[in-house]
Amino acid sequence: MCRHVGYLGPAVSLAELLLEPEHSLLEQTWAPADMRGGGTINADGFGVGWYRADGSTARHRAAVPMWTDQSFRETAREVRSGAVVAAVRSATVGMPVVPGACAPFTDGSRLFSHNGRVTGWPDSVAKLAARLDVVDLLTLEAATDSALLWAVLRQRVLDGADPEVAVPELVGEVVAAAPDSRLNLLFSDGTRLVATTWTHSLWVRHEHGAVTVASEPFGARAGWREVPDRSLVVATVDDVELRPLEEMGER
Ligand code: GLN
């Protein structure tokens with residue numbers, strides 16, 4: 001299953017964060033260490049979203065393996081940011097390999113990634129999809145579970161929902177409709193990372209005024225803490241909070 005990374009802290013280059021460290025996201029493209037639920041490499045595309053100083057986002061994504069995109073490597077050395085969400089993709093069987101399916105998804109000021117799959121797609125979540133307005137459905141970036149999850153979450157956040165509530169609520173709804181789904185979600189508004197673990201790996205490192213959330217630890221091994229399964233992570237540069245999601249899955 002895909003691998004993702006969220007970072008908040010002092011500005012770093014995208015290369016320092018994603019390409020250069022030992023077991024970097026780049027390395028996790030061809031040699032992930034902890035894939036669960038199918039998939040062996042993450043070569044169906046990748047995406048990197050980062051925040052500019054004014055809080056808006058920029059993004060690079062492509063439906064090719066990250067290691068083949070030489071022009072991204074050049075860009076990554078030049079671009080520096082203090083808030084980043086990036087992902088490498090292993091497409092779920094039956095889902096299209098297109099740029100629009102690559103996380104992070106964005107609405108211009110928020111970034112979102114999903115590591116996992118919705119079982120019984122798309123029938124299992126037809127009711128959830130039916131709550132979207134027609135334009136959101138027609139403009140879905142790709143016919144994938146992750147794009148639908150983002151469309152639903154985006155609408156709720158735009159309607160004023162707090163992501164710390166909306167993200168776990170979405171996990172609860174999807175698990176109720178599609179049990180056995182794998183739902184590691186990662187959301188950022190540029191100052192906060194909101195992430196879930198639901199049957200996939202996730203690690204967090206909080207030190208030197210920086211916080212990193214990642215499917216697999218990279219760089220120096222010290223300081224990484226494994227997030228228990230079925231947790232909600234709310235992280236800022238000042239604080240990392242873990243809350244159990246358990247009750248929600250039993251609704
Ligand atoms: N199901 C999603 C997709 O196909 C995410 C895939 C994954 O986590 N491997 O894009």
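Is E22 buried or exposed, and what is its relative accessible area?

Modeller: The model is a predicted one, and in it E22 is exposed, with a relative accessible area of 53%. The cut-off for that class is over 50%, so the value of 53% places E22 among the exposed residues.

The side chain of E22 has a charged partner. R221 forms a salt bridge with E22, and their closest N and O atoms are 3.8 Å apart. E22 belongs to the loop between α1 and α2, whereas R221 belongs to the loop between β10 (210–214) and β11 (224–226); the bridge therefore ties together parts that are 199 residues apart in sequence. R221 itself is partly exposed, at a relative accessible area of 47%. In general, side chains of opposite charge can pair when their charged atoms come close.

This pair is one of 15 salt bridges in the structure. Another joins the side chains of E16 and R80, with an N to O distance of 3.3 Å. Here the partners are in helix α1 (residues 14–19) and strand β4 (residues 80–88), so the contact links parts that are 64 residues apart in sequence. E16 is partly exposed at 39% relative accessible area, while R80 is exposed at 51%.

A further example is the salt bridge between R59 and E141, at 4.0 Å from N to O. R59 lies in strand β3 (residues 57–62) and E141 in the loop between α5 (134–138) and α6 (145–158), so this pair ties together parts that are 82 residues apart in sequence. Both residues are partly exposed: R59 at 31% and E141 at 35%. Elsewhere, D162, E164, D189, R192, E241 and R243 are linked in a network of salt bridges.

The surface also has a nonpolar patch, formed by W30, I41 and W67, with about 290 Å² of accessible area together. Of these residues, I41 is found in the loop between α2 (25–30) and β2 (46–51), and its relative accessible area of 37% makes I41 partly exposed.

Six strands form an open sheet in the order β5-β6-β7-β8-β12-β13, with antiparallel pairing. Because β5 (105–106) and β13 (240–244) each have a single partner strand, one side of each is left without a neighbour in the sheet. Within the sheet, five bridges join β8 (residues 193–197) to β12 (residues 231–235), and T197 has S231 as its bridge partner in β12. Helix α6 packs on the sheet against β5, β6 (111–117) and β7 (182–188), its direction making about 140° with that of β6. Helix α7 (residues 163–177) also packs on the sheet, touching β7, β8, β12 and β13, at about 160° to the direction of β7.

Beyond its sequence neighbours up to four places away, F187 touches residues including F112, W150, L153, V157, V167 and R192. F187 and V85 are 102 residues apart in sequence, yet their C-alpha atoms are 8.2 Å apart in space.

Conventions: Residues numbered from 1 in each chain as written. Predicted model: local features only at pLDDT ≥ 70, side-chain atom pairs only at ≥ 80, totals over all residues. Heavy atoms only, no water. Patch = residues over 30% accessible without salt bridge, like charges linked within 9 Å, V, L, I, M, F, W, Y side chains within 5 Å. Areas by Shrake-Rupley, 256 points an atom, 1.4 Å probe, with all protein chains shown as cover. Helix = DSSP H or I, 4+ residues; strand = E, 2+ residues; numbered from the N terminus. Buried < 20%, exposed > 50% of the residue type's maximum accessible area, 1.4 Å probe, protein only. Pairing = 2+ DSSP bridges. Contact = heavy atoms within 4.5 Å. Axes fitted to C-alpha atoms, helices over the stretch in contact; angles between N-to-C directions.
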